[in-house]
Amino acid sequence: MSALFAMLVGLSVALPGHAAADDDTLPVWVSAASPDAGRSHLDRTADRTRTVPAYLPTYRRDRVVPVFSVRFRASAGERRYVATKVVAEQGRTTPDQLLLASLSLTCTPTAAGVRTAGASRNVMRGHATGLVARFVYVAPTTGDVVCRAWASGLRPRPTSSGYQSANTWQVGRTSRLWVSAVVPWWNRSVSTSRRSRVLRAGEGLSVRRVVGVGSEATTFEVAADHKVTTCSAVGGSRDSSTAGRELCSGRVSRSGSGVRLVVRALQEARRGARCGVARTVVDHLSWVAADVHHSTVSGAGRVRVSHASGCLPTFVITSRIGHRRGADLVVHAPSYRGTIVSR
């Protein structure tokens with residue numbers, strides 16, 4: 001694990017009907033000055049707080065569970081890379097064959113720009129799936145900051161009224177939250193204000209950004225996270241950009257969708273000079289099955305910075321999500337996150 005990551009800690013929270021010891025309910029306080037700043041720690045807290053209720057899609061306050069929490073002190077303008085990976089496991093005895101597992105990552109006080117990240121995916125009975133969320137947090141003021149990973153669940157295809165508390169998924173033991181030491185000024189996350197769109201086989205959606213890196217940088221990592229929905233059902237194909245419309249309406253097919261994520265980086269050069277060619281950082285194929293329905297397609301790779309004569313410390317980063325085959329596919333533009341972080 002890179003020395004970028006400062007600390008990983010777990011926050012235990014008592015769920016209804018479960019008592020928690022006092023020392024289990026408090027977050028651990030950490031700072032970049034910790035002697036463990038070069039290590040990442042796996043959470044090993046009590047299992048009782050790793051149970052996430054998955055009810056019918058009606059509002060219940062206890063459906064959202066705080067899984068991890070890290071508190072640290074930051075100066076205004078300071079940047080930290082925050083990332084979490086949660087392994088969602090559905091047991092073999094839950095009432096429903098599939099449950100929706102969702103993950104949300106936030107930090108307070110709220111920053112300008114990219115301020116949260118999330119992921120969601122259906123989990124089949126007796127199986128597990130990984131959920132990843134990450135972004136670069138920019139502290140708006142000097143003071144204490146708390147970053148939290150929240151988990152929630154739904155029964156996407158309810159078969160009865162009310163709710164059943166027996167519908168739950170578990171946060172796996174390898175799940176974790178990272179908060180880095182302070183990272184350089186050029187580390188950042190970007191998003192897009194585009195509207196979501198439906199892709200047919202052979203179509204794609206590209207997001208292009210020009211980003212600068214520090215003069216001292218020799219390598220950096222670029223990550224891309226796209227939320228997609230295969231049109232195996234109508235529900236779940238709307239978001240904040242669709243004005244209430246379900247984009248899969250009239251397009252339902254049970255064939256699933258093949259998706260390709262390609263991220264390329266091109267270092268810019270002064271006029272009259274060249275600085276290499278565009279390099280493929282990520283080239284990732286994935287399949288969104290009909291029952292999985294929606295997924296976050298992610299990829300990350302390292303880019304080398306050239307300091308040769310004529311090369312500028314700026315890069316054109318292009319992230320393209322392409323639909324290769326199968327059912328029509330919704331790309332949720334408001335959920336796109338691109339992250340540039342020093343390595």
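Are Cys275 and Cys311 buried or exposed? Both cysteines are buried, where buried denotes under 20% relative accessible area, exposed over 50%, and partly exposed the range in between (1.4 Å probe, protein chains only).

The model shown in these views is predicted: local features need pLDDT of at least 70, side-chain atom pairs count only at pLDDT 80 or more, and totals for chains, interfaces and linings use all residues. Residues are numbered from 1 along each chain as its sequence is written, and side-chain values use heavy atoms, with hydrogens and water left out.

**View 1. Disulfides of the protein chain.** A disulfide is taken as a pair of cysteine sulfur atoms within 2.5 Å. The count by this rule is three.

**View 2. The disulfide between Cys107 and Cys147.** The two sulfur atoms are 2.1 Å apart. The torsion about the S-S bond is about 105 degrees, so the link of Cys107 and Cys147 is right-handed. Cys107 belongs to strand S5 (residues 98-108) and Cys147 to strand S8 (residues 143-154), so this pair ties together parts that are 40 residues apart in sequence. Strands (E, at least two residues) and helices (H or I, at least four) are DSSP runs, numbered from the N terminus. Cys107 counts as buried because its relative accessibility is 4%; Cys147 is likewise buried, at 0%.

**View 3. The disulfide between Cys231 and Cys248.** In this pair the sulfur atoms lie 2.1 Å from each other. The link of Cys231 and Cys248 is left-handed, with -80 degrees about the S-S bond. Cys231 and Cys248 are each located in the loop between strand S14 (219-230) and strand S15 (257-269), 17 residues apart. Cys231 has a relative accessible area of 0% and is therefore buried. For Cys248 the relative accessible area is 0%, so this residue is buried as well.

**View 4. The disulfide between Cys275 and Cys311.** A distance of 2.0 Å separates the sulfur atoms of Cys275 and Cys311. Their link is right-handed, with 105 degrees about the S-S bond. The pair connects distant parts of the chain, 36 residues apart: Cys275 is in the loop between S15 and strand S16 (279-288), whereas Cys311 is in strand S18 (residues 311-326). As stated at the outset, both Cys275 and Cys311 are buried.
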